[in-house]
Amino acid sequence: MNRISTKVTAYFFIAVLIMESFLIFYLHRNIINTRIQEEFSRLLASGSNHRDVLVENYSDTTMKHIVLMEKNEDREVIITDNNGKIIRSSEENIASLEELLPLLKDINLKNDEILVSDWKESPYIISAHPYEVDTKQSGYIVMFQSTHSIKQLVEKLNVHFGMAGGTSVVLLLIIYSSLSKILTRPLIRMKEATEKLSKGEFDVILPYIGKDELGDLSGSIQKLANDLERLKTERNEFLASIAHELSTPLTYLIGYSKIAMRKEVGEKEREHYLAIIAEESDRMKELIKNLLDLAKMDENTFTVTKGYFEARPFFENIIKLVDPSFELKKQKLHFVCDSNFQVHADSLRMEQIVLNLLDNAMKYSKENTIVTLEVQKKDNKTIFSVMDNGIGIPSDEIDFIFEKLYRVEKSRSRSFGGSGIGLSVVKELVEAHGGNIEVRSTLGKGSTFTVTI
């Protein structure tokens, strides 16, 4: 009983069997009772007709005719006088009926009546029909109907109903077994699919089984399998990219540190190698920082706590923080904010968004170019844009720049110091605020990132 198909079959079979048994019992009893009532009606009708004929034409000849009409295997008749004495009888061996005659004593009937109705125990059902020709001529016509035919009918009905019940039980078992297999086959397939998923096998294909609840469940499992397959692929690509990103600076660090440790290397050359080591260390530090931010996004370990703060002082502090870096790269950072207003956001996460965008603009812009940070308020929302005159983004790659570890023209990105993580962090933080980020870019002319929060 552990298989659902067996349970479904058993439950439905028991329920239908109970209902069928009740219906068969009801029909069986109803047919028998109807047949008995028909026998009673026929017996009363026959006795009534004989009584009417006898009353209209009371004579010995009439009684003979009545006795002859009822002289057969199933029906007998007795005509008595008002003292209960038998005048005429269709049964020659009157002794077989004498044991039933005591029923006629001490009766005083005014109308036709069934005297014996117990067809199960008695060999006859008996009706009595009083007649009265005059004050001297009266008595009863007593009809005897054999119960043998009724008992035969009941036996046949029992056999037929038994055969019908047995056949229906077999058919029910076959039908419900087939239906349960049809209904549970999709569940078995889904069970097998989930077992494969639990083992890390995500190449699961479930057939379309309709738009009912089973179909919805099958579709959900298929979607889960597809998502897990995609996540597995992304994870492998992510790990491969991380390994590649970390291996390059590590190679530089190990190689140049060994060279710098040589005694024959001059002081100026040693400083050059140490500068390269410091640069690669900074790159590695930035990469790990972005990776940690990205991990927090995936694990939902960060929280966005919104509060109100003034826009101009907030952005001016950021400008002061990054301005020296722009000057080192011989770039100019221009800030535009026409009015001061209240910003409703997480100031720490907001700063992270702006710093990432400014750092991205600085990396991909050439010397003697301008990066503009423009801030405004529109419809109670804070909108800020970071515009640069850098290398730009190809139109067919704009949709992918927010994906983890995706970099536009990998070789060029490495030369500019990009890791492909910063923009992923920005997008996650913006969406955590309930905002959105848009990009407009022209290859070779620059890009504009616009954030609405």
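Start your tour in the middle: the largest nonpolar core has 39 residues, and Leu357, Leu358 and Phe384 are the ones with the most contacts inside it. A nonpolar core here is a set of buried Ala, Val, Leu, Ile, Met, Phe, Trp, Tyr and Cys residues joined through side-chain atoms within 4.5 Å. Buried means under 20% relative accessible area, exposed means over 50%, and partly exposed is in between, using a 1.4 Å probe and protein chains only. In soluble globular proteins, nonpolar side chains tend to be buried together.

Before you click on, know that this is a predicted model, where local features need pLDDT of at least 70, side-chain atom pairs count only at pLDDT 80 or more, and totals for chains, interfaces and linings use all residues. Residues are numbered from 1 along each chain as its sequence is written, and side-chain values use heavy atoms, with hydrogens and water left out.

**Stop 1: Leu357 and the cores**

Select Leu357. Leaving aside residues up to four places away in sequence, Leu357 touches Phe384, Val386, Leu423, Val426, Ile437, Phe449 and Val451; contact means heavy atoms within 4.5 Å. Apart from this core lies another, of 19 residues, including Ile36, Ile66, Tyr131 and Ile141.

**Stop 2: the Phe cluster**

Now pick Phe309, Phe314, Phe315, Phe335 and Phe384, which form one aromatic cluster. Rings of Phe, Tyr and Trp (its six-membered ring) pair if their centres lie within 6.5 Å; planes under 30 degrees apart count as stacked, over 60 as edge-to-face and the rest as tilted. There are 6 aromatic pairs in the structure. One of them, Phe315 with Phe335, is stacked, at 6.4 Å centre to centre and 25° between the planes. Phe315 sits in helix α7 (residues 311-328) and Phe335 in strand β7 (residues 332-337), so this pair ties together parts 20 residues apart in sequence.

Phe384 belongs to strand β10 (residues 381-387), so the link with Phe315 in α7 ties together parts that are 69 residues apart in sequence. Are these two residues, Phe315 and Phe384, buried or exposed? Both are buried, and Phe315 has a relative accessible area of 0%.

**Stop 3: the mixed sheet**

Switch to cartoon view. Helices (H or I, at least four residues) and strands (E, at least two) are DSSP runs, numbered from the N terminus. Two strands pair if DSSP finds at least two bridges between them. Look for an open sheet of 5 strands in the order β7-β9-β10-β12-β11, with mixed pairing. At the edges stand β7 and β11 (436-442), each with a single partner strand, so one side of each has no neighbour in the sheet. From one strand to the next, the twist averages 15°.

Zoom in on β7 and β9 (residues 370-378), which pair in the parallel sense over 6 bridges. Which residue in β9 is the bridge partner of His334? Select Thr372 to see it.

Next, show the helices. α7 lies across β7, β9 and β10, at about 175° to β7, while α10 lies across β11 and β12 (446-452), at about 140° to β11. Axes are lines fitted to C-alpha atoms, for helices over the stretch in contact, and angles run from 0 to 180 degrees between N-to-C directions.

**Stop 4: the antiparallel sheet**

Another open sheet of 5 strands has the order β2-β1-β5-β4-β3, with antiparallel pairing. Here β2 (86-89) and β3 (113-116) are at the edges with a single partner strand each, so one side of each is left without a neighbour in the sheet. The twist averages 25° from one strand to the next. Strand β1 (residues 75-81) is joined to β2 by 3 bridges, and Ile78 stands opposite Ser89 in β2. Helix α2 (residues 60-69) lies across β1 and β2, at about 45° to β2.

**Stop 5: charged partners**

Finish with the 9 salt bridges in the structure, each a side-chain nitrogen of Lys or Arg within 4 Å of a carboxyl oxygen of Asp or Glu. Select Arg51, which is buried at 16% relative accessible area. Arg51 forms a salt bridge with Asp52, with the closest N and O atoms 3.1 Å apart, and one with Asp112, at 3.0 Å. Arg51 lies in helix α1 (residues 4-56) and Asp112 in the loop between α3 (95-98) and β3, so that pair ties together parts 61 residues apart in sequence.
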